[in-house]
Amino acid sequence: MSDNKIVVIGLGYVGLPTAALMAKAGFDVHGVDINPDTLDALNAGRCPIGEPEVVQLVTDALASGRFKATSQPEAGDVFIICVPTPVTDDKKSDVSIVRAATRALAKHVKKGDLIILESTSPIGTTEFTVGEELAAQGFDIREDLDLCYCPERVFPGSTISEIVENDRIIGGLTPRAAERASAIYARFCTGPQLRTTSATAEFSKLMENTYRDVNIALANVFGHIAEAAGIDVNEVIALANRHPRVNVHTPGPGVGGHCIPVDPWFLIDGFPEETGLLLQSRNINDNQAARIWSRVKATGATIRKVAILGAAYRGNLDDARDTPAEYLIHALEADGVSYAVHDPYVSRFRLHGGREIPISANLEEALEGADAAIIMTDHSDYRGLGPKALASMAGSVVADGRNLVDRAALAAAQFTVIPVGAPQLDAK
(Lines give C-alpha, C1' and ligand atoms only; values in the text may rest on other atoms or scores of the structure.)
Protein backbone atom coordinates (compact mmCIF):
# COMPACT_ATOMS: atom_id res chain seq x y z
CA MET A 1 0.00 0.00 0.00
CA SER A 2 1.73 3.19 -1.19
CA ASP A 3 -0.32 5.96 0.47
CA ASN A 4 1.49 8.55 -1.66
CA LYS A 5 -1.53 10.55 -2.89
CA ILE A 6 -3.11 12.72 -0.18
CA VAL A 7 -6.34 14.69 -0.56
CA VAL A 8 -6.81 17.43 2.07
CA ILE A 9 -10.34 18.84 2.36
CA GLY A 10 -10.33 22.35 3.84
CA LEU A 11 -7.38 24.72 3.39
CA GLY A 12 -7.74 26.95 6.42
CA TYR A 13 -5.53 27.54 9.45
CA VAL A 14 -4.99 23.79 9.93
CA GLY A 15 -5.55 22.16 6.54
CA LEU A 16 -3.29 24.44 4.52
CA PRO A 17 -0.13 24.11 6.63
CA THR A 18 -0.80 20.38 7.01
CA ALA A 19 -1.06 19.98 3.24
CA ALA A 20 2.15 21.98 2.73
CA LEU A 21 4.03 19.94 5.33
CA MET A 22 2.94 16.73 3.64
CA ALA A 23 4.09 18.03 0.27
CA LYS A 24 7.44 18.93 1.82
CA ALA A 25 7.64 15.35 3.15
CA GLY A 26 7.31 14.04 -0.40
CA PHE A 27 3.62 13.26 -0.68
CA ASP A 28 1.60 14.23 -3.76
CA VAL A 29 -1.01 16.52 -2.19
CA HIS A 30 -4.30 17.67 -3.67
CA GLY A 31 -5.93 20.43 -1.59
CA VAL A 32 -9.64 21.22 -1.74
CA ASP A 33 -11.45 24.37 -0.66
CA ILE A 34 -14.66 26.14 -1.67
CA ASN A 35 -13.41 29.67 -0.89
CA PRO A 36 -12.57 31.30 -4.23
CA ASP A 37 -10.23 33.83 -2.57
CA THR A 38 -8.20 30.98 -1.06
CA LEU A 39 -8.00 29.15 -4.36
CA ASP A 40 -7.13 32.29 -6.32
CA ALA A 41 -4.26 33.05 -3.96
CA LEU A 42 -2.89 29.51 -4.00
CA ASN A 43 -3.16 29.17 -7.76
CA ALA A 44 -1.24 32.41 -8.07
CA GLY A 45 1.50 30.97 -5.88
CA ARG A 46 0.54 33.00 -2.80
CA CYS A 47 -0.36 31.97 0.75
CA PRO A 48 -3.68 33.35 2.09
CA ILE A 49 -2.51 33.01 5.73
CA GLY A 50 -0.23 35.76 7.03
CA GLU A 51 1.93 33.80 9.47
CA PRO A 52 5.49 34.12 8.05
CA GLU A 53 6.56 30.51 8.62
CA VAL A 54 3.34 29.24 7.02
CA VAL A 55 3.79 31.61 4.07
CA GLN A 56 7.26 30.26 3.35
CA LEU A 57 6.18 26.64 3.68
CA VAL A 58 3.11 27.04 1.45
CA THR A 59 4.89 28.99 -1.28
CA ASP A 60 7.68 26.38 -1.31
CA ALA A 61 5.12 23.55 -1.53
CA LEU A 62 3.34 25.22 -4.44
CA ALA A 63 6.62 25.84 -6.24
CA SER A 64 7.64 22.19 -5.78
CA GLY A 65 4.74 20.98 -7.90
CA ARG A 66 3.72 18.48 -5.22
CA PHE A 67 0.84 20.62 -3.96
CA LYS A 68 -2.10 21.94 -5.96
CA ALA A 69 -5.53 23.22 -4.97
CA THR A 70 -8.97 23.07 -6.58
CA SER A 71 -12.60 23.25 -5.53
CA GLN A 72 -13.31 19.53 -6.00
CA PRO A 73 -11.82 16.34 -4.52
CA GLU A 74 -10.24 13.70 -6.67
CA ALA A 75 -9.07 10.13 -6.18
CA GLY A 76 -6.32 9.48 -3.66
CA ASP A 77 -4.99 6.99 -1.15
CA VAL A 78 -5.51 9.11 1.98
CA PHE A 79 -8.23 11.71 2.62
CA ILE A 80 -7.82 14.25 5.45
CA ILE A 81 -10.80 16.37 6.52
CA CYS A 82 -9.89 19.76 8.04
CA VAL A 83 -13.13 21.74 7.71
CA PRO A 84 -14.82 24.01 10.28
CA THR A 85 -17.11 22.60 12.96
CA PRO A 86 -19.00 25.63 14.32
CA VAL A 87 -21.86 25.90 16.77
CA THR A 88 -25.23 27.28 15.75
CA ASP A 89 -26.66 30.54 17.07
CA ASP A 90 -28.37 28.54 19.82
CA LYS A 91 -25.05 26.84 20.71
CA LYS A 92 -25.75 23.44 19.18
CA SER A 93 -23.08 21.36 17.49
CA ASP A 94 -22.98 21.81 13.72
CA VAL A 95 -21.17 19.03 11.85
CA SER A 96 -22.93 19.74 8.57
CA ILE A 97 -19.69 20.87 6.92
CA VAL A 98 -17.96 17.64 7.95
CA ARG A 99 -20.89 15.70 6.54
CA ALA A 100 -20.82 17.65 3.26
CA ALA A 101 -17.06 17.21 2.93
CA THR A 102 -17.35 13.48 3.52
CA ARG A 103 -20.16 13.20 1.00
CA ALA A 104 -18.02 14.99 -1.59
CA LEU A 105 -14.93 12.87 -1.04
CA ALA A 106 -16.90 9.61 -0.76
CA LYS A 107 -17.48 9.70 -4.51
CA HIS A 108 -13.72 9.30 -5.00
CA VAL A 109 -12.99 6.77 -2.25
CA LYS A 110 -12.11 3.19 -3.12
CA LYS A 111 -11.68 0.12 -0.96
CA GLY A 112 -8.49 0.26 1.05
CA ASP A 113 -8.37 4.05 1.40
CA LEU A 114 -7.56 5.84 4.67
CA ILE A 115 -9.90 8.66 5.82
CA ILE A 116 -8.75 10.92 8.65
CA LEU A 117 -10.87 13.55 10.39
CA GLU A 118 -8.82 16.34 12.02
CA SER A 119 -11.65 18.83 12.64
CA THR A 120 -12.52 19.31 16.32
CA SER A 121 -15.79 17.40 16.64
CA PRO A 122 -18.41 16.08 19.07
CA ILE A 123 -17.83 12.61 20.45
CA GLY A 124 -18.90 10.03 17.86
CA THR A 125 -18.53 12.24 14.77
CA THR A 126 -15.90 10.00 13.15
CA GLU A 127 -18.04 6.90 13.40
CA PHE A 128 -21.54 8.32 13.13
CA THR A 129 -21.11 11.23 10.69
CA VAL A 130 -18.08 10.43 8.56
CA GLY A 131 -18.77 6.72 8.90
CA GLU A 132 -22.44 7.01 7.98
CA GLU A 133 -21.68 8.94 4.81
CA LEU A 134 -19.10 6.36 3.73
CA ALA A 135 -21.42 3.49 4.63
CA ALA A 136 -24.09 5.10 2.45
CA GLN A 137 -21.74 4.52 -0.50
CA GLY A 138 -21.72 0.81 0.29
CA PHE A 139 -18.50 0.61 2.29
CA ASP A 140 -18.00 -1.43 5.44
CA ILE A 141 -16.19 1.26 7.44
CA ARG A 142 -14.21 -1.27 9.46
CA GLU A 143 -13.38 -3.84 6.79
CA ASP A 144 -13.24 -1.90 3.51
CA LEU A 145 -11.68 1.34 4.79
CA ASP A 146 -9.43 2.70 7.50
CA LEU A 147 -11.11 5.51 9.44
CA CYS A 148 -9.39 7.68 12.08
CA TYR A 149 -9.73 10.78 14.19
CA CYS A 150 -6.40 12.62 14.60
CA PRO A 151 -6.96 16.07 16.15
CA GLU A 152 -4.60 18.97 15.60
CA ARG A 153 -3.15 21.09 18.38
CA VAL A 154 -2.30 24.39 16.76
CA PHE A 155 -1.37 27.68 18.44
CA PRO A 156 -1.55 30.50 15.88
CA GLY A 157 1.81 32.19 15.63
CA SER A 158 3.61 28.86 16.11
CA THR A 159 1.55 26.76 13.70
CA ILE A 160 4.30 24.75 12.05
CA SER A 161 6.20 23.82 15.19
CA GLU A 162 2.91 22.91 16.87
CA ILE A 163 1.91 20.54 14.07
CA VAL A 164 5.35 18.99 13.75
CA GLU A 165 6.49 18.76 17.38
CA ASN A 166 3.37 18.28 19.52
CA ASP A 167 2.14 14.88 20.62
CA ARG A 168 -0.24 13.47 18.03
CA ILE A 169 -3.26 11.48 19.15
CA ILE A 170 -4.14 8.76 16.64
CA GLY A 171 -7.74 7.65 17.20
CA GLY A 172 -8.54 4.67 15.03
CA LEU A 173 -11.96 3.19 14.48
CA THR A 174 -9.89 -0.01 14.34
CA PRO A 175 -6.32 -0.76 15.49
CA ARG A 176 -5.37 -1.33 11.85
CA ALA A 177 -6.58 2.17 10.95
CA ALA A 178 -4.60 3.72 13.80
CA GLU A 179 -1.43 1.91 12.76
CA ARG A 180 -1.77 3.10 9.19
CA ALA A 181 -2.48 6.73 10.14
CA SER A 182 0.47 6.64 12.51
CA ALA A 183 2.76 5.78 9.59
CA ILE A 184 1.45 8.79 7.64
CA TYR A 185 2.05 11.28 10.45
CA ALA A 186 5.50 9.82 11.16
CA ARG A 187 6.56 11.15 7.74
CA PHE A 188 6.22 14.80 8.82
CA CYS A 189 5.69 14.89 12.60
CA THR A 190 8.40 14.38 15.22
CA GLY A 191 6.25 14.40 18.36
CA PRO A 192 5.20 11.19 20.14
CA GLN A 193 2.19 9.35 18.72
CA LEU A 194 -0.47 8.13 21.12
CA ARG A 195 -2.87 5.52 19.73
CA THR A 196 -6.40 5.14 21.03
CA THR A 197 -9.98 4.86 19.77
CA SER A 198 -11.64 7.55 17.67
CA ALA A 199 -14.20 8.44 20.37
CA THR A 200 -11.50 8.74 23.03
CA ALA A 201 -9.46 10.99 20.75
CA GLU A 202 -12.50 13.18 20.06
CA PHE A 203 -13.19 13.55 23.78
CA SER A 204 -9.53 14.31 24.48
CA LYS A 205 -9.50 17.28 22.10
CA LEU A 206 -12.69 18.69 23.60
CA MET A 207 -11.38 18.13 27.12
CA GLU A 208 -8.15 20.04 26.39
CA ASN A 209 -9.87 23.24 25.28
CA THR A 210 -12.66 22.97 27.86
CA TYR A 211 -10.04 22.72 30.60
CA ARG A 212 -8.55 25.98 29.41
CA ASP A 213 -11.95 27.68 29.18
CA VAL A 214 -12.92 26.69 32.72
CA ASN A 215 -9.60 27.88 34.14
CA ILE A 216 -9.89 31.21 32.32
CA ALA A 217 -13.38 31.59 33.79
CA LEU A 218 -11.94 30.89 37.25
CA ALA A 219 -9.36 33.64 36.73
CA ASN A 220 -12.10 36.01 35.62
CA VAL A 221 -14.12 35.25 38.75
CA PHE A 222 -11.04 35.94 40.87
CA GLY A 223 -10.83 39.24 38.98
CA HIS A 224 -14.44 40.06 39.87
CA ILE A 225 -13.71 39.39 43.54
CA ALA A 226 -10.59 41.55 43.44
CA GLU A 227 -12.49 44.43 41.87
CA ALA A 228 -15.12 44.25 44.60
CA ALA A 229 -12.51 43.94 47.37
CA GLY A 230 -10.29 46.75 46.10
CA ILE A 231 -7.32 44.44 45.46
CA ASP A 232 -5.14 43.99 42.37
CA VAL A 233 -5.75 40.41 41.29
CA ASN A 234 -2.46 40.22 39.41
CA GLU A 235 -0.53 40.66 42.63
CA VAL A 236 -2.66 37.96 44.27
CA ILE A 237 -2.16 35.57 41.34
CA ALA A 238 1.60 36.08 41.46
CA LEU A 239 1.58 35.08 45.14
CA ALA A 240 -0.83 32.16 44.73
CA ASN A 241 1.18 30.78 41.82
CA ARG A 242 4.18 30.47 44.14
CA HIS A 243 2.42 27.36 45.43
CA PRO A 244 4.01 24.38 43.66
CA ARG A 245 0.66 22.95 42.54
CA VAL A 246 -1.18 26.16 41.59
CA ASN A 247 -1.20 27.88 38.20
CA VAL A 248 -3.94 30.51 38.06
CA HIS A 249 -4.48 32.08 34.64
CA THR A 250 -4.74 35.81 33.93
CA PRO A 251 -8.18 37.48 33.73
CA GLY A 252 -9.06 39.40 30.59
CA PRO A 253 -11.85 40.66 28.32
CA GLY A 254 -13.10 37.22 27.28
CA VAL A 255 -12.01 34.23 25.22
CA GLY A 256 -11.57 34.13 21.46
CA GLY A 257 -10.35 31.97 18.63
CA HIS A 258 -12.05 29.07 16.94
CA CYS A 259 -11.31 26.51 19.67
CA ILE A 260 -11.69 27.53 23.31
CA PRO A 261 -15.01 29.42 23.03
CA VAL A 262 -16.48 26.78 20.72
CA ASP A 263 -15.38 23.32 21.82
CA PRO A 264 -17.05 23.27 25.28
CA TRP A 265 -20.43 23.68 23.57
CA PHE A 266 -19.98 20.27 21.92
CA LEU A 267 -19.89 18.69 25.38
CA ILE A 268 -22.66 20.93 26.76
CA ASP A 269 -24.87 20.08 23.79
CA GLY A 270 -24.19 16.35 23.98
CA PHE A 271 -24.25 15.98 27.76
CA PRO A 272 -26.40 18.75 29.26
CA GLU A 273 -26.97 17.02 32.62
CA GLU A 274 -23.25 16.64 33.28
CA THR A 275 -21.93 20.00 32.13
CA GLY A 276 -23.35 22.70 34.40
CA LEU A 277 -19.84 23.87 35.32
CA LEU A 278 -18.88 24.13 31.66
CA LEU A 279 -21.99 26.16 30.86
CA GLN A 280 -21.33 28.55 33.73
CA SER A 281 -17.73 29.01 32.59
CA ARG A 282 -18.83 29.75 29.03
CA ASN A 283 -21.29 32.36 30.29
CA ILE A 284 -18.67 34.01 32.52
CA ASN A 285 -16.15 34.31 29.71
CA ASP A 286 -18.67 35.50 27.13
CA ASN A 287 -19.90 38.18 29.54
CA GLN A 288 -16.49 39.70 30.23
CA ALA A 289 -16.65 42.30 27.46
CA ALA A 290 -20.10 43.50 28.55
CA ARG A 291 -18.87 43.62 32.15
CA ILE A 292 -16.00 45.90 31.17
CA TRP A 293 -18.46 48.16 29.35
CA SER A 294 -20.66 48.24 32.46
CA ARG A 295 -17.70 49.44 34.52
CA VAL A 296 -17.11 52.21 31.97
CA LYS A 297 -20.73 53.30 32.21
CA ALA A 298 -20.52 53.22 36.01
CA THR A 299 -17.97 56.06 35.94
CA GLY A 300 -20.85 58.42 35.18
CA ALA A 301 -18.97 59.95 32.24
CA THR A 302 -20.90 60.82 29.12
CA ILE A 303 -19.92 58.19 26.56
CA ARG A 304 -21.04 58.78 22.99
CA LYS A 305 -18.15 57.12 21.19
CA VAL A 306 -15.78 54.31 22.20
CA ALA A 307 -12.46 53.45 20.61
CA ILE A 308 -12.06 49.66 20.60
CA LEU A 309 -8.37 48.83 20.60
CA GLY A 310 -7.92 45.37 19.15
CA ALA A 311 -10.10 43.15 16.99
CA ALA A 312 -7.83 40.09 17.04
CA TYR A 313 -8.58 37.55 19.73
CA ARG A 314 -4.88 37.31 20.65
CA GLY A 315 -1.95 39.68 20.54
CA ASN A 316 0.20 40.25 17.45
CA LEU A 317 -2.00 38.08 15.21
CA ASP A 318 -4.36 38.93 12.35
CA ASP A 319 -6.96 36.39 13.49
CA ALA A 320 -10.29 37.85 14.64
CA ARG A 321 -12.31 34.64 14.77
CA ASP A 322 -14.76 34.56 17.70
CA THR A 323 -13.06 37.61 19.16
CA PRO A 324 -14.28 39.09 22.47
CA ALA A 325 -14.44 42.43 20.64
CA GLU A 326 -17.62 41.18 18.97
CA TYR A 327 -19.37 40.94 22.35
CA LEU A 328 -18.27 44.48 23.15
CA ILE A 329 -19.65 45.72 19.83
CA HIS A 330 -23.02 44.12 20.56
CA ALA A 331 -23.09 45.75 24.02
CA LEU A 332 -22.26 49.18 22.58
CA GLU A 333 -24.81 48.87 19.81
CA ALA A 334 -27.49 47.85 22.32
CA ASP A 335 -26.84 51.13 24.17
CA GLY A 336 -26.74 53.21 21.00
CA VAL A 337 -23.06 54.10 21.43
CA SER A 338 -20.87 54.61 18.36
CA TYR A 339 -17.43 53.07 18.07
CA ALA A 340 -14.28 52.88 15.99
CA VAL A 341 -12.09 49.78 15.87
CA HIS A 342 -8.30 49.89 15.67
CA ASP A 343 -6.03 46.93 14.99
CA PRO A 344 -2.48 46.98 13.60
CA TYR A 345 -2.76 43.42 12.28
CA VAL A 346 -6.38 42.72 11.33
CA SER A 347 -7.40 44.18 7.97
CA ARG A 348 -10.82 42.60 7.63
CA PHE A 349 -13.21 42.08 10.55
CA ARG A 350 -16.46 40.17 10.08
CA LEU A 351 -18.97 39.42 12.83
CA HIS A 352 -20.98 36.22 13.02
CA GLY A 353 -23.56 36.44 10.28
CA GLY A 354 -21.09 38.08 7.91
CA ARG A 355 -21.49 41.78 8.76
CA GLU A 356 -18.20 43.56 8.15
CA ILE A 357 -16.97 46.11 10.66
CA PRO A 358 -14.76 48.99 9.44
CA ILE A 359 -11.29 48.82 10.93
CA SER A 360 -8.47 51.34 11.10
CA ALA A 361 -4.73 50.74 11.29
CA ASN A 362 -4.24 54.34 12.47
CA LEU A 363 -4.51 54.60 16.26
CA GLU A 364 -4.87 58.37 16.38
CA GLU A 365 -7.68 58.19 13.82
CA ALA A 366 -9.60 55.56 15.82
CA LEU A 367 -9.18 57.54 19.05
CA GLU A 368 -10.28 60.82 17.47
CA GLY A 369 -13.29 62.16 19.39
CA ALA A 370 -13.67 59.03 21.55
CA ASP A 371 -15.00 59.52 25.06
CA ALA A 372 -13.56 56.18 26.18
CA ALA A 373 -11.00 53.67 24.95
CA ILE A 374 -11.33 49.96 25.69
CA ILE A 375 -8.33 47.69 25.12
CA MET A 376 -9.43 44.24 24.01
CA THR A 377 -6.27 42.67 22.55
CA ASP A 378 -2.78 42.30 23.99
CA HIS A 379 -0.99 43.68 20.95
CA SER A 380 2.53 44.93 21.65
CA ASP A 381 1.43 48.29 20.19
CA TYR A 382 -0.79 48.90 23.23
CA ARG A 383 1.76 48.04 25.90
CA GLY A 384 2.66 51.07 28.02
CA LEU A 385 0.14 53.40 26.36
CA GLY A 386 0.23 56.76 28.07
CA PRO A 387 -1.34 60.21 27.79
CA LYS A 388 0.57 61.21 24.65
CA ALA A 389 -0.70 58.23 22.64
CA LEU A 390 -4.29 58.94 23.74
CA ALA A 391 -4.18 62.69 23.18
CA SER A 392 -6.72 62.69 20.34
CA MET A 393 -9.47 61.39 22.64
CA ALA A 394 -12.32 63.72 23.55
CA GLY A 395 -12.87 62.02 26.91
CA SER A 396 -10.66 60.52 29.58
CA VAL A 397 -11.84 56.98 30.40
CA VAL A 398 -9.58 54.04 29.59
CA ALA A 399 -10.73 50.48 30.26
CA ASP A 400 -7.73 48.18 30.07
CA GLY A 401 -8.94 44.67 29.32
CA ARG A 402 -5.36 43.38 29.11
CA ASN A 403 -3.67 45.44 31.87
CA LEU A 404 -1.16 46.99 29.46
CA VAL A 405 -1.33 50.76 29.93
CA ASP A 406 0.77 53.02 32.11
CA ARG A 407 -1.83 53.45 34.85
CA ALA A 408 0.10 55.94 36.95
CA ALA A 409 0.92 58.23 34.03
CA LEU A 410 -2.66 58.21 32.80
CA ALA A 411 -4.08 58.94 36.25
CA ALA A 412 -1.60 61.80 36.66
CA ALA A 413 -2.83 63.18 33.32
CA GLN A 414 -6.43 63.20 34.61
CA PHE A 415 -7.56 59.93 32.98
CA THR A 416 -9.80 57.41 34.73
CA VAL A 417 -8.29 53.94 34.33
CA ILE A 418 -10.33 50.75 34.70
CA PRO A 419 -8.10 47.69 34.87
CA VAL A 420 -9.43 44.13 34.72
CA GLY A 421 -9.24 42.51 38.14
CA ALA A 422 -8.26 45.69 39.99
CA PRO A 423 -10.03 48.74 41.39
CA GLN A 424 -10.63 51.80 39.25
CA LEU A 425 -7.83 54.36 39.29
CA ASP A 426 -9.29 57.85 39.22
CA ALA A 427 -7.66 61.01 37.94
CA LYS A 428 -5.25 62.52 40.47
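The model is predicted, so local features need pLDDT of at least 70 and side-chain atom pairs count only at pLDDT 80 or more, while totals for chains, interfaces and linings use all residues. Residues are numbered from 1 along each chain as its sequence is written, and side-chain values use heavy atoms, with hydrogens and water left out. Helices (H or I, at least four residues) and strands (E, at least two) are DSSP runs numbered from the N terminus.

**Nonpolar cores**

- A nonpolar core here is a set of buried Ala, Val, Leu, Ile, Met, Phe, Trp, Tyr and Cys residues joined through side-chain atoms within 4.5 Å.
- Buried means under 20% relative accessible area, exposed means over 50%, and partly exposed is in between (1.4 Å probe, protein chains only).
- In soluble globular proteins, nonpolar side chains tend to be buried together.
- The largest nonpolar core has 42 residues, and V29, F67 and I116 have the most contacts inside it.
- Helix α1 (residues 15–24) gives the most to this core, contributing 6 residues.
- A second, separate core has 28 residues, including A289, A320, I329 and M376.
- Contact means heavy atoms within 4.5 Å.
- Leaving aside residues up to four places away in sequence, I116 touches V78, F79, I80, I81, C148, C150, A181 and Y185.

- Helix α7 (residues 175–185) has A177, A178, R180, A181, S182, I184 and Y185 buried.
- The cover over the buried residues of α7 includes α1, β4 (78–81), β5 (114–117), β6 (146–149), β7 (168–172) and β8 (193–197).
- In helix α13 (residues 324–334), the buried residues are P324, A325, E326, L328, I329, A331 and L332.
- Among the elements covering the buried residues of α13 are α12 (288–297), β9 (305–309), β10 (338–342), β11 (349–350), β12 (356–357) and β13 (372–375).

- Two packed helices are described by the angle between their axes and the distance between the axes.
- Axes are lines fitted to C-alpha atoms, for helices over the stretch in contact, and angles run from 0 to 180 degrees between N-to-C directions.
- Angles under 35 degrees count as roughly parallel, over 145 as roughly antiparallel, 65 to 115 as roughly perpendicular and the rest as oblique.
- A crossing is left-handed if the near helix is turned anticlockwise from the far one by less than a right angle, and right-handed if clockwise.
- For contact classes, Ala, Val, Leu, Ile, Met, Phe, Trp, Tyr, Cys and Pro count as nonpolar, Asp, Glu, Lys and Arg as charged, and the others, Gly among them, as polar.
- The axes of helix α8 (residues 198–229) and α10 (263–270) come within 8 Å and cross at roughly 110°.
- The helices α8 and α10 are therefore roughly perpendicular to each other, and their crossing is left-handed.
- On the α8 side, F203, K205, L206, N209, T210 and D213 make the contact, and on the α10 side D263, P264, F266 and L267 do.
- The contact of α8 with α10 has 5 nonpolar, 2 polar and 3 charged residues.
- The axes of α10 and helix α11 (residues 276–286) come within 10 Å and cross at roughly 140°.
- That angle makes α10 oblique to α11, and the crossing of α10 and α11 is left-handed.
- P264, W265, L267 and I268 of α10 meet L278, L279, R282, N283 and D286 of α11.
- By class, the contact of α10 with α11 has 6 nonpolar, 1 polar and 2 charged residues.

- Most residues other than glycine have a negative phi, and most peptide bonds are trans.
- D322 is not a glycine, yet has a positive phi of about 50°.
- D322 is found in the loop between β9 and α13 and is buried, with a relative accessible area of 18%.
- Q414, also a residue other than glycine, has a positive phi near 75°.
- Q414 lies in the loop between α15 (407–412) and β15 and is partly exposed, at 43% relative accessible area.

- V417 is in strand β15 (residues 416–419) and counts as buried, at 0% relative accessibility.
- Not counting residues up to four places away in sequence, V417 touches V398, V405, R407, L410, A411, Q424 and L425.
- P244 is in the loop between α9 (233–240) and α10 and is exposed, with a relative accessible area of 71%.
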